[in-house]
Amino acid sequence: MAHPLIAVMNDETAFLQLMHDLLTGEGYRCIICKEGDKVYPLIKEQQPNLVILDIRMGTPETGWMVLELLRLDPATASIPVIVCSADTVFLRAKADALRDLNCDILEKPFDLDTLLEKVAAMLADANKREGPGGLLGRR
């Protein structure tokens, strides 16, 4: 069985490189994307097991629009998302709405162990919901 594929979407190159190195070092496969307009098509094409999405990519609306597109498309609606941002006021204000959209929240800056715990928990939960063969049976 292939290792889970995680898509990391953020507009900061250094953050993307750190995440790529961390996740691949933990045995995950990882794709990264910096351009907000390419995030949704990439996720739709690659069908990752989990998305880590900066909700404030580029403009304040970009990440939220990506999340809405993901949830409206049956092909991507069930992919779990960890929403991260340094805008803690926004994250806290939208916490209930984000959870209703099958998202977990991670405030920046964050501890790497906390991130890895959330990744493992989201993948395990998604795998349970998918049933026999599970989400990890994808790609």
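Just after helix 1, glycine 27 takes a positive phi of about 95 degrees. This is a predicted model, in which local features need pLDDT of at least 70 and side-chain atom pairs count only at pLDDT 80 or more, while totals for chains, interfaces and linings use all residues. Residues are numbered from 1 along each chain as its sequence is written, and side-chain values use heavy atoms, with hydrogens and water left out.

Helices (H or I, at least four residues) and strands (E, at least two) are DSSP runs, numbered from the N terminus. Helix 1, covering residues 13-25, has 13 residues and reaches 18 Å from its first C-alpha to its last, which is close to the 18 Å expected at 1.5 Å a residue; the expected span is 1.5 Å times one less than the number of residues. Its buried residues are Phe15, Leu16, Met19, Leu22 and Leu23, where buried means under 20% relative accessible area, exposed over 50%, and partly exposed in between (1.4 Å probe, protein chains only). Seen down the axis of helix 1, these buried residues fall within an arc of 135 degrees, so they line one face of the helix; the arc is that of the directions from the helix axis to the C-beta atoms. An α-helix has 3.6 residues a turn, so residues three or four places apart point the same way. On the face of helix 1 turned away from its buried side are the exposed residues Ala14 and Gly25.

A salt bridge is a side-chain nitrogen of Lys or Arg within 4 Å of a carboxyl oxygen of Asp or Glu, and by this rule the count comes to five. The table lists some of them.

| Aspartate 54 | Lysine 108 | 3.4 Å |

Aspartate 104 is buried, with a relative accessible area of 18%. Aspartate 54 and lysine 108 are both buried as well. In the remaining pair of the table, aspartate 87 counts as partly exposed at 26% relative accessibility, and arginine 56 likewise counts as partly exposed, at 25%.

Helix 6 (residues 112-130) also holds glutamate 117, which is exposed, with a relative accessible area of 55%.
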